[in-house]
Amino acid sequence: MGSRDDDGPSIEGQGYVADINSIREAQARIAPYVHKTPILSSTSIDAIAGKQLFFKCECFQKAGAFKIRGASNSIFALDDDQASKGVVTHSSGNHAAAVALAAKLRGIPAYIVIPKNAPACKVDNVKRYDGRVIWSDANMESRESIARRVQEETGAVLVHPFNDKYTISGQGTVSLELLEQVPEIDTIIVPISGGGLISGVALAAKAINPSIRIVAAEPKGADDSAQSKAAGHIIKLATTDTIADGLRAFLGDLTWPVVRDLVDDIIVVDDNAIVDAMKMCYETLKVAVEPSGAIGLAAALSDDFKQSSAWHESSKIAIIVSGGNVDLRVLWDSLYK
């Protein structure tokens, strides 16, 4: 097995860290370890949206979210010497579980730095996959500093949750599958946070169909990407406040150029709209989704999107349902007599 290096391929001379070739390589590498997730649709939701919507259900992915794609690509790209000391990452939940699972499949240790406010269901997933949990404060500085310390102490390889070419390339395999399943898609709505998913999706989709639209969905309480696009440079917020716990990170120096250049629009929605979209997913699609996974539908139904050129020029819209790891203990407790 070849080792990971530090220089990523560019796409058509633009200098992006990943491209269609690295994404296709990722697809081949991770095929034994991930699911090809289904596309769902609903005529009832289509009638409400006024468009045909196609839900790419990464909530049915291994570990319950798309993150296993990037994590397994990163970990299985390591040579044996690199892998022998294990891997380390920091994450609020889904990436943490994905790294723990991919490391377990590779047979190496995984050191997982998790903020103290991470949802219990996501922490449970990490432990289920034998990840070694290390707690941090609920901010990026604490997460990153503790991960660096663990890396120095153990020699483990850092698997970054978004700002890494192997992570981005792995996430881009979502687009390859989607456009094989529904080739006529003309718009893709993608949750945005650190930008790993939307970068991979955009790079793959626009390589296959340059006219396809990539629309980001972002929570109002963590709208740094929308502010960054407007300002023309990365904006980092002092605090974030959103129910979408998986969308609280900020863009990185590798994801920002892709978001800047290839994301056509960013739709910002509030938490009430996200909860309404979750409710619709549960009641109509019959799919359990977490807030971060429902935000794409919230964006598709929003007034801002319906007033945009993307909505008027679209007929077949894909929504990436990024994950389904939601804590349902309150629901179950309410049902016990």
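**Labels and their cut-offs**

User: Why is Lys116 called exposed?

Analyst: Lys116 has 58% relative accessibility, and since buried means under 20% relative accessible area, exposed over 50% and partly exposed in between (1.4 Å probe, protein chains only), Lys116 counts as exposed. Please keep in mind that this is a predicted model, in which local features need pLDDT of at least 70 and side-chain atom pairs count only at pLDDT 80 or more, while totals for chains, interfaces and linings use all residues. Residues are numbered from 1 along each chain as its sequence is written, and side-chain values use heavy atoms, with hydrogens and water left out.

User: What makes Asp137 and Lys116 a salt bridge?

Analyst: The term asks for a side-chain nitrogen of Lys or Arg within 4 Å of a carboxyl oxygen of Asp or Glu, and the closest N and O atoms of Asp137 and Lys116 are 3.5 Å apart, so the pair meets the definition. Asp137 lies in the loop between strand 5 and helix 7 (140-154), and Lys116 in the loop between strand 4 and helix 6, so the pair ties together parts that are 21 residues apart in sequence. The helices (H or I, at least four residues) and strands (E, at least two) named here are DSSP runs, numbered from the N terminus. Asp137 has a relative accessible area of 40%, and is therefore partly exposed.

User: How many salt bridges are found in the whole structure, and which residue does Arg106 pair with?

Analyst: A search of the whole structure finds 15 salt bridges. Arg106 pairs with Asp80, with 2.9 Å between the closest N and O atoms. This pair links distant parts of the chain, as Arg106 is in helix 5 and Asp80 is in helix 4 (residues 80-83), 26 residues apart. Arg106 is buried because its relative accessible area is 17%, whereas Asp80, at 59% relative accessibility, counts as exposed.

User: Why are Lys279 and Glu283 said to be separated by about one helical turn?

Analyst: Lys279 and Glu283 are four residues apart in helix 13 (residues 271-285), which means that about one helical turn separates them. An α-helix has 3.6 residues a turn, so residues three or four places apart point the same way. Lys279 and Glu283 also form a salt bridge, the closest N and O atoms being 3.3 Å apart.

User: What makes the aromatic pair of Tyr33 and Phe76 stacked?

Analyst: The structure holds one aromatic pair, and in this pair Tyr33 and Phe76 are 3.9 Å apart centre to centre, with 15° between the planes. Rings of Phe, Tyr and Trp (its six-membered ring) pair if their centres lie within 6.5 Å, and planes under 30 degrees apart count as stacked, over 60 as edge-to-face and the rest as tilted, so the pair of Tyr33 and Phe76 is stacked. Tyr33 is partly exposed, with a relative accessible area of 22%, while Phe76, at 8% relative accessibility, counts as buried.

User: How do you know that Lys51 lies over the face of Trp311?

Analyst: A charge sits over a ring if NZ of Lys or CZ of Arg is within 6 Å of the ring centre and within 35 degrees of the ring normal. Lys51 is at 4.4 Å from the ring centre of Trp311 and lies over its face.
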